[in-house]
Amino acid sequence: MNNLIALDIKFGALALAIFYATWHDYRADNRRDAKLLTAVGSLALVGTAVAWAQ
């Protein structure tokens with residue numbers, strides 16, 4: 001059974017915050033920054049999955 005710890009939750013919260021910023025930049029027609037934030041948010045989400053799976 002997997003136990004969530006504060007570090008796992010922080011990675012998930014970070015990913016959500018980054019994806020919100022991505023959405024905001026995309027709506028403002030700032031496509032270059034939106035692509036960069038999408039990549040960073042995806043890495044944070046993958047980090048959450050890796051931390052949770054271990």
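Does Asp29 count as buried or exposed, and at what relative accessibility? At 56% relative accessibility, Asp29 counts as exposed, where exposed stands for over 50% relative accessible area, buried for under 20%, and partly exposed for anything in between (1.4 Å probe, protein chains only).

What you're looking at is a predicted model, in which local features need pLDDT of at least 70 and side-chain atom pairs count only at pLDDT 80 or more, while totals for chains, interfaces and linings use all residues. Residues are numbered from 1 along each chain as its sequence is written, and side-chain values use heavy atoms, with hydrogens and water left out.

**The overall picture**

- The protein has two helices and zero strands; helices (H or I, at least four residues) and strands (E, at least two) are DSSP runs, numbered from the N terminus.
- Helix α1 covers residues 6–27, and α2 covers 31–53.
- Of the protein's 54 residues, 17% count as buried.
- The accessible surface comes to about 4300 Å², and 69% of that belongs to carbon and sulfur atoms; the areas come from the Shrake-Rupley method with a 1.4 Å probe, and for residues only the protein chains shown count as cover.
- Take the contacts (heavy atoms within 4.5 Å) between residues at least 6 apart in sequence: 53% of them join residues at least 24 apart.

- How far apart are the end C-alpha atoms of α2? They are 33 Å apart, which agrees with the 33 Å that its 23 residues should span at 1.5 Å a residue.
- That expected span is 1.5 Å times one less than the number of residues in the helix.

- Thr22 is found in helix α1 and is buried, with a relative accessible area of 10%.
- Leaving aside neighbours within four places in sequence, Thr22 is in contact with Ala34, Leu37 and Thr38.
- Ile18 also lies in helix α1, and Ile18 is buried too, with a relative accessible area of 13%.
- Not counting residues up to four places away in sequence, Ile18 touches Leu37, Val40 and Gly41.
- Ile18 and Ala34 are 16 residues apart along the chain, and their C-alpha atoms are separated by 9.7 Å.
- Over in α2, the residues Ala34, Gly41, Ala44 and Thr48 are buried.
- Trp52, found in helix α2, counts as partly exposed at 45% relative accessibility.
- Trp52 and Ile5 are 47 residues apart in sequence, yet 8.8 Å apart in space, C-alpha to C-alpha.

**The loop and its charges**

- Asp29 lies in the loop between α1 and α2.
- Asp29 has a positive phi of about 60 degrees although it is not a glycine. Most residues other than glycine have a negative phi.
- The structure holds two salt bridges, meaning a side-chain nitrogen of Lys or Arg within 4 Å of a carboxyl oxygen of Asp or Glu.
- One of them joins the side chains of Asp29 and Arg31, at 3.3 Å from N to O.
- Arg31 is partly exposed, with a relative accessible area of 35%.
- Asp33 forms a salt bridge with Arg32, with the closest N and O atoms 3.5 Å apart.
- Of that pair, Asp33 counts as partly exposed at 24% relative accessibility, whereas Arg32 is exposed, with a relative accessible area of 66%.

**Rings**

- Arg31 turns up again here: its charged end sits over the ring of Tyr26, 4.0 Å from the ring's centre. Sitting over a ring calls for NZ of Lys or CZ of Arg within 6 Å of the ring centre and within 35 degrees of the ring normal.
- The structure holds one aromatic pair. Tyr20 and Trp23 form this tilted pair, at 5.9 Å centre to centre with 35 degrees between the planes.
- Rings of Phe, Tyr and Trp (its six-membered ring) pair if their centres lie within 6.5 Å; planes under 30 degrees apart count as stacked, over 60 as edge-to-face and the rest as tilted.
- Tyr20 and Trp23 are separated by about one helical turn because they are three residues apart in helix α1. An α-helix has 3.6 residues a turn, so residues three or four places apart point the same way.
- Tyr20 is exposed, with a relative accessible area of 54%, while Trp23 is partly exposed, at 49%.
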